[in-house]
Amino acid sequence: MSEVETVVEQVFRESYPVVLASVARLSRDIDLAEEAVQDALAQALIDWARRGIPDNPPGWVSTVARRKSIDRIRRRENLARKHQVLAGYQEVERSGEMPDIADTDELSDDRLEMIFACCHPALDSDKQIALTLRTVGGLTTGEIARAFLVAEPAMAQRLVRAKAKIRDAGIPFKVPEGHELVGRTTEVLSVIYLIFNEGYLASSGAELIREELGAKAIELGQVMAELMPDESEVHALCALMLFQHSRRQARVDAAGELVLLRDQDRSRWDHDMIARGFVALKRARRTVEPGIFLLQAEIAAHHTAGAAETDWQAIAGLYDRFAARYPSPVVRLNRAVAIGEAHGPDRALEAIGELGDVLDGYHGLHTARGHFLDAAGRPGEAAGEYRRALELVDNETERRFLASRLASLAG
């Protein structure tokens, strides 16, 4: 591979999301921006071989891609659309934001605007996730499809529909202002956390953990922290994901079987990642009122202690605050588990009993109830709960774990 090919490949691998965002913010069309960036990369292979590699290759590619997107708009858009978009480019050129190709020392970082566009509430959650991974995470369509266990053509169609929605609905590439920013930031962080959770505990398939998906979510969170350094909840989400991801190597044994938190080998935890989590948590604590991610990060921080040193009463207290502000059934179930660890199985079963109707179709409810029924000396009832959980769960590793619980009770 020649030096020029190496540099072009490096720009694509390391700077593609930044370059794409800078073009899409102006063209207001992600499809068009992707085509323009690809054309610019192809032109770089030719021009750099003739004239030499520029001082700032990503800036060069961004500038050329913007100009190529103008050419595409002039060729294919209807008159009203053409005037609308080209007016935006003309304003940018008058402001001096678009440099000459020879003067590309600056490359604006518009990823934050891109993130808010991809996570707009007008898009369904699955489209928000896919588009964020594609445009900001830099994953290919095939990689996203494999991560969510869908066929690549189906994922491609999902992305096409999402990009068309942004274009046709005129969804803005901008960061909201004022009171709207708070709610929209929570939406964006929720999308990133959904990505992380699919990596942390795969909803289906043979593997318990999809490590690369968790790592990509952490990377997206760190992008948000870099771009919104004063936002407490951004740092809280980073801390939460770092604490949870630090345990990835210890959550399954050598045979690939699930290992519960209390039984994990702490020496296999990523302690550098835990240290980074506490740095992020310290930044997140600079707030008067903790939000949804800070409360969860504080809980996760307690779990970084040894099994015998874990302060379950403090965790239960945090869940009390969490459930009071965000009384979702799953939060209340996690609170019940913490109460059981702090005060015994009978207290846990009492709290879980309040959730039977609303969470009957959720395998986690039956797994938790089975655990505490077993701890209370009621193995027959525990076996019934584990069988119900087995009917509901799709992940193969979790299924084997539940089957082992049943076998243990039978023995």
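Contact here means heavy atoms within 4.5 Å. Keep in mind that this is a predicted model, where local features need pLDDT of at least 70, side-chain atom pairs count only at pLDDT 80 or more, and totals for chains, interfaces and linings use all residues. Residues are numbered from 1 along each chain as its sequence is written, and side-chain values use heavy atoms, with hydrogens and water left out.

Let's begin with serine 15, which sits in helix α1, residues 3-27 (helices are DSSP runs of H or I with at least four residues, numbered from the N terminus). Leaving aside residues up to four places away in sequence, serine 15 touches Gln10 and Pro58. Proline 58 is 43 residues away along the chain, yet its C-alpha atom is 6.5 Å from that of serine 15. Serine 15 is buried, at 15% relative accessible area; buried means under 20%, exposed over 50%, and partly exposed in between, using a 1.4 Å probe and protein chains only.

Now for the aromatics. The whole structure has eight aromatic pairs. Rings of Phe, Tyr and Trp (its six-membered ring) pair if their centres lie within 6.5 Å; planes under 30 degrees apart are stacked, over 60 edge-to-face, and the rest tilted. Here are two of those pairs:

| Pair | Centre to centre | Angle between planes | Type |
|---|---|---|---|
| Phenylalanine 12 and tyrosine 16 | 5.2 Å | 55° | tilted |
| Phenylalanine 196 and tyrosine 200 | 5.9 Å | 25° | stacked |

Phenylalanine 12 and tyrosine 16 are four residues apart in helix α1, so about one helical turn separates them. Phenylalanine 12 is partly exposed at 38%, while tyrosine 16 is buried at 4%. Phenylalanine 196 and tyrosine 200 are likewise four residues apart, about one turn, in helix α9 (residues 179-200). Phenylalanine 196 is buried at 0%, and tyrosine 200 counts as buried at 19%. Tyr193, Phe196, Tyr200 and Phe293 form one aromatic cluster.

What about the cysteines? There are zero disulfides in the structure, a disulfide being a pair of cysteine sulfur atoms within 2.5 Å. For cysteine 118, the nearest cysteine sulfur belongs to cysteine 119, 6.4 Å away. For cysteine 238, the nearest is again that of cysteine 119, at 14 Å. Cysteine 118 is buried at 0%, and cysteine 238 is buried at 7%.

Finally, proline 153 lies in helix α8, residues 152-168, and is exposed, with a relative accessible area of 59%. Its C-alpha atom is 8.7 Å from that of glycine 142, 11 residues away along the chain.

Key. Helix = DSSP H or I, 4+ residues; strand = E, 2+ residues; numbered from the N terminus.
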